[in-house]
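Please keep the sequence and the 3D view open while reading.

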2 protein chains.
Amino acid sequence: MSLDENWFTEIHHGTGSAFSLQVKGKLDEEQSPFQKITIYDTTDWGRFMVIDGCTMVTSRDNFLYHEMMSHPVLFTHENPRHVAIIGGGDCGTLREVLKHPTVEKATQIDIDERVTRLSEVHFPELCESNGDPRAELLFDDGIKWICEAPAASLDVIIVDSTDPIGPGEVLFTPEFYKGCHEALGQRGMVVQQSESPLLHMEIIEKMHRSLRKAGFDDVRTLFFPQPIYPSGWWSATIGRKGGKIEGFREADVEQRPFQTRYYNADIHRGALAQPEFFKQAVAGWG
Amino acid sequence: MSLDENWFTEIHHGTGSAFSLQVKGKLDEEQSPFQKITIYDTTDWGRFMVIDGCTMVTSRDNFLYHEMMSHPVLFTHENPRHVAIIGGGDCGTLREVLKHPTVEKATQIDIDERVTRLSEVHFPELCESNGDPRAELLFDDGIKWICEAPAASLDVIIVDSTDPIGPGEVLFTPEFYKGCHEALGQRGMVVQQSESPLLHMEIIEKMHRSLRKAGFDDVRTLFFPQPIYPSGWWSATIGRKGGKIEGFREADVEQRPFQTRYYNADIHRGALAQPEFFKQAVAGWG
């Protein structure tokens, strides 16, 4: 079966697989100073954002990613008040973070303002909390921002970035994690998307080693479905300073004053379950 | 990006999505009395079986599906001795079932002998237990077999079938589930693949209702990744007679005398975690 021009296909290079969505039309396209951003309307997945040919976000399935990038760490930290989001220009992670009543300030630092401006037009539901007085939207270099942040000024850092190839690569280095470590307060946590457990184990291994090297005392990987990304099976890796990642504020999850579509206490525990092959690999990473 | 003739693509009709694997060549192809079976060699996923244009199994990711179709039910049942597998012609589920020392007999009933014969050639690792004296391979109508099975003669029935469209449709009906119910002993369980939680909730709902209608006392859905199937996020639904599905033989899982690649006790518990949208939907199914 071949796909005609009504399909957008992303080939996942180096994995021998590709994923396609059927599109009804192109709603927007522009070359920002940093990248080419395209917004499609799809037949079944709502709006669909592509950056430099890479599948980024759809209306239909982004709740999985955005909820799992934010709620597990925020409900693990005892009292997350100050949160930074590196990347995250579509503002979906920011929206989830701001659902937490403990959060006093959430700063999103994305290099490309155009991603946010186009999201405001085409994904208004993801941007509905951009006007929250606790939200600060900066368009700047996130690494520089983290490295200049006052020591111990943050409780949680969420790295909602692109893949570790191209411009996002520097966000996967020990130097960046060292900056995160210094910016975080005691028991602070960093979480970063860490690709597919089936396809990218070498990336996850490198992240574990780099986070440990940067001084994080505990490192854990969360697993969750993410249909539009390679293999449909995705992960996020967490580093914690001066504390364990296991265990979370279960009573607060049960009584949360907001809606979720994927996340709940059982899902939190389930996401921490390590597949057998993963458990064996981690044991070997020392 | 468009895909050339070096890619096999399956369009997931009605979902607006498609998945492709890069192939190095066609190893085998035949029209059996029932269906067209094609075996490809791929660049990164090993061998790859396609039936009537539908992606069935690859060497690389089948462990997820085969382990999750067998170990959760077999470790939930107190003493699974007699197991039937409806479909399952690639023999990967049979292999997992026969790893359980409690199993005295496992009967696989697939309509199409050619699927098994081609699997023996191209997926020898999945067929390595076909010669086990406890294994019985029948090539027959699985529904007829279940309906003629002596009452209370089975402990676990695994329905490892194609999608509920075309020839597999009858395996998703209350009549078939009634036959399973009668063939199962007290506290017996049936498990069946139940498609994608993101894309096929109406199928899962129908299965829950049909299993209840057929007399099953508890019905639960398990969630797991399955990269080559639509959305990469898959499920299996379990019905149990005279018992709950929650809880399993954890000590036996910890001391299991065999290897797994995905399944373990944490994964078992995690697979039972219901996403928030699913929990809310189930509550409405009464």
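Two strands count as paired if DSSP finds at least two bridges between them. The model read here in these terms is a predicted one.

Start with the hairpin of β4(A) and β5(A), which has two residues between the strands. Strand β4 (residues 47-51) of chain A is joined to β5(A) by four bridges, and the two run antiparallel. Strand β5 (residues 54-58) of chain A is mostly covered, with four of its five residues buried.

Strand pairing also links the chains. β2(A) and strand β2 (residues 17-31) of chain B run antiparallel and are joined by five bridges. A:Phe19 has B:Phe19 in β2(B) as its bridge partner.

How many residues does each chain bring to the contact? Chain A gives 42 residues and chain B gives 42 residues. On the side of chain A that touches chain B, the elements giving two or more residues are β1 (7-12), β2 (17-31), α8 (265-271) and α9 (276-284). Of these, β2(A) gives the most, with six residues. By class, that side of chain A has 18 nonpolar, 16 polar and eight charged residues.

In soluble globular proteins, nonpolar side chains tend to be buried together. The largest nonpolar core here has 160 residues, and those touching the most other members are A:Met68, A:Ile157, B:Met68 and B:Ile157. Leaving aside residues up to four places away in sequence, A:Met68 touches A:Leu222, A:Phe224, A:Ala236, A:Tyr262, A:Tyr263 and A:Ala271.

Note on methods
Residues numbered from 1 in each chain as written. Chains lettered and ligands numbered in written order. Predicted model: local features only at pLDDT ≥ 70, side-chain atom pairs only at ≥ 80, totals over all residues. Core = buried A, V, L, I, M, F, W, Y, C linked by C-beta atoms within 7 Å. Buried ≥ 20, exposed ≤ 12 C-beta atoms within 10 Å, placed from the backbone. Contact = placed C-beta atoms within 7 Å. Nonpolar A, V, L, I, M, F, W, Y, C, P; charged D, E, K, R; others polar.
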